[in-house]
Amino acid sequence: MMTGGGPRSAASAELGTTVGPSGELSAPHNDQAMWNAVRENTALIDTQVRGPATDVLIQDGGMTWLTFRQGPLLTWGGWLLLGTLIALLAFFLIRGRIRIQGHKTGFTIERFAFVERFGHWLTAGSFILLGITGLLVLFGRTFLIPLFGHQAYSPIAIASKWVHNNVSWAFMLGIVLIFVMWVAQNLPSRTDLAWIAKGGGMFSKDSHVHARKFNAGQKIVFWSVILLGISISLSGLSLMFPMQFQLFSHTFEFLNWTRLPQLFLGEPLIVNMSPQHEMQLAQAWHAIVAFLYIAIILGHIYIGTVGMEGAFDAMGSGDVEVQWAREHHDLWYEEATGRDAHEYIPPPPETAARRS
Ligand code: HEM
């Protein structure tokens, strides 16, 4: 039963039959007002189905969302990831691997303790699973079903959804661990400005820039991981528990309060939205953040593996070559050891013996 089009211009669900103020049925007439009210979600709707949003019969935004999801989202997102991979390959071909320039000392220094590596790999492992399964779901209808057919794609989609939903908890825990362990060392400092001004020394072969435990580039990675991680987790929770949160109407209310939308868009953002609209925004936002996040992490993985000699050990064994520490994180090395980063270090006895 639904009534709409003004306080008492009531109408029944049967097309063309209107219900009068005292409940009497009347002959068919123009239902424009009723359908307008249904469409604008101002009609009083009563259905037998119970649950959130069951009284929304028409939701205009559905089509806009669908065309965005199948069109610009996939196209731009896909190009962003492909473009990032091409840019990294080009950087590798032009710059080559960033090598340890001085003589390796034969000594190592602990860079990350076990608990730090555990937090990192929990986040990294879950992120990779979330990224792969998320992309499988997002690109499924447009690319995978035409390739493999519905029959073959169905188990992939079911497994992806299961993995995605369940692994998300590990990722959220990882983000909390990373934040707690490393926030103090990732606060901005004056050395970061010099690091940024010199492009981190990455574009010239022999320029080393001062850095503590984390350089400015790593701080950017850290804050991206934390902020995008929070945002993607919140929108993900809203998708996992559909119609339960009003993430966007509350966010938009806050933004309207700051008057930024009025200033830049000329009007406030919509705050009175149906639960379906909330879900559409949550899905779009979740995917946009994911694309951006994956692009940043691709850069991070590059530099942590093939891009820089000696970097992977920091998260692998936890110990790095002293010369690597002196070249890339000189201030941290000096703080951690109390030694000068430029002093001569004689080779360890067994290396010295082999040399003579
Ligand atoms: C195969 C994947 C990955 C590899 C090989 C890798 C490698 C590394 C390495 C070697 C470091 C230490 C760098 C140093 O000692 O200075 C590091 C740090 C870090 N990683 Fe990863 N990582 C991976 C994936 C991820 C993912 C998925 C995330 C988060 C979503 C992440 C977040 C971080 C953060 C926040 C740091 C500290 C800041 C930084 O060094 O940039 N990593 N990673």
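My entries on the iron site and the second largest pocket follow.

This is a predicted model, so I kept to its limits: local features need pLDDT of at least 70, side-chain atom pairs count only at pLDDT 80 or more, and totals for chains, interfaces and linings use all residues. Residues are numbered from 1 along each chain as its sequence is written, and side-chain values use heavy atoms, with hydrogens and water left out.

**Iron site.** I looked up which protein atoms hold the iron atom of the ligand: they are NE2 of His120 and NE2 of His300, 2.0 Å from it. Donors here are N, O and S atoms within 2.8 Å of the metal (3.2 Å for Na, K and Ca); water is not among the atoms, so sites may look incomplete. The six donor atoms subtend angles of 86 to 179° at the iron, which makes the arrangement octahedral (six donors, opposite ones over 155 degrees apart and all others between 65 and 115).

**Burial.** I checked both histidines. His120 has 13% relative accessibility and so counts as buried, while His300, at 31%, counts as partly exposed. Buried is under 20% relative accessible area, exposed over 50%, partly exposed in between (1.4 Å probe, protein chains only).

I sorted the residues lining the second largest pocket into 21 nonpolar, 10 polar and three charged. Ala, Val, Leu, Ile, Met, Phe, Trp, Tyr, Cys and Pro count as nonpolar, Asp, Glu, Lys and Arg as charged, and the others, Gly among them, as polar.

Key
Four donors count as tetrahedral if all angles lie between 85 and 135 degrees; four count as square planar and six as octahedral if opposite donors are over 155 degrees apart and all others between 65 and 115; anything else is irregular.
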